[in-house]
Every structure is written in C-alpha cells, then in structure tokens.
Amino acid sequence: EVLEDLRDEPVISLEVASLTHLRRTTTEPDRKENADLSFPIIVVAKDDKFQSILDGNHRLQKAIDKGETHISAKILKATNKKTIDIERQDGYAYVSQ
C-alpha cells in the first residue's frame, strides 16, 4: 500500500546532509556496496520534517561514504488524514496505518 501511495509522487534530489541526523540501521557491507544509487530512497516526513528512512538505508550510507551531496528520494508524507507510525524491529521499519 505504501508503494501505491508513492506511485505518483515525484522523485526529487535531496541533500544528503539533510538526512544524516536520522537514525539509521547498521548496514551490511555487501548490501551497501551493491546498493543502486539510481533507485530513490523513501523518506518519511511529518510537519515538513524528515522523520526516518523507510527504505534505502544502504543507499544512503553508500552515498555518504562516496561523498555524494545529493540522493534521489521519494517523500512519504504523514498527514492528519493518514497517520503513519514507524516501529523499528530488528533493523527494519514497519508501517502501520
């Protein structure tokens, strides 16, 4: 359902520095090395503030390690109409609506 909600959202270029404050999971070196930076990450935003990385922690870490200044992203907006609670378990993010 989340991917369906994002289907019509544009891919934007975000400054990597604007995401480094977010709590990230431990990245596995092989997955990070093989991460495809052309595929956008998914960032959850609420009240115009970035809350978490829903998908793409390995891509973000690869971008940081390579010294990239920007990364492709889609923004998943939490609104009054739809509340999104992120719960972290075992290093993965789960969305409940």
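Which residue forms a salt bridge with aspartate 55? Select arginine 59: the closest N and O atoms of this pair are 2.7 Å apart. A salt bridge here is a side-chain nitrogen of Lys or Arg within 4 Å of a carboxyl oxygen of Asp or Glu.

The model is predicted, so local features need pLDDT of at least 70 and side-chain atom pairs count only at pLDDT 80 or more, whereas totals for chains, interfaces and linings use all residues. Residues are numbered from 1 along each chain as its sequence is written, and side-chain values use heavy atoms, with hydrogens and water left out.

**The whole chain**

Display the secondary structure to find three helices and six strands, in the order α-β-α-β-β-α-β-β-β from the N terminus. Helices (H or I, at least four residues) and strands (E, at least two) are DSSP runs, numbered from the N terminus. Of the 97 residues in the chain, 33% are buried; buried means under 20% relative accessible area, exposed over 50%, and partly exposed in between (1.4 Å probe, protein chains only).

Next, select residues 41-46, which form strand β2. Five of these six residues are buried, so the strand is largely enclosed by the rest of the structure. Two strands pair if DSSP finds at least two bridges between them.

Valine 44 shows both pairings: its bridge partner in β4 is leucine 76, and in β3 it stands opposite serine 52. Move on to the turn of the β2-β3 hairpin, where two residues lie between the strands. Aspartate 47, in this turn, has a positive phi of about 55°.

**The salt bridges**

The count of salt bridges comes to three. Return to the opening pair: aspartate 55 is partly exposed, at 31% relative accessible area, whereas arginine 59 is buried, at 10%.

Now select aspartate 65 and lysine 32, whose closest N and O atoms are 2.5 Å apart in a salt bridge. This pair links helix α3 (residues 57-66), which holds aspartate 65, to helix α2 (residues 29-34), which holds lysine 32; the two residues are 33 apart. Aspartate 65 is partly exposed at 45%, and lysine 32 is partly exposed at 21%.

Finish with glutamate 68 and lysine 66, which meet in a salt bridge at 4.0 Å, N to O. Glutamate 68 is partly exposed, with 33% relative accessibility, while lysine 66 is exposed, at 52%.
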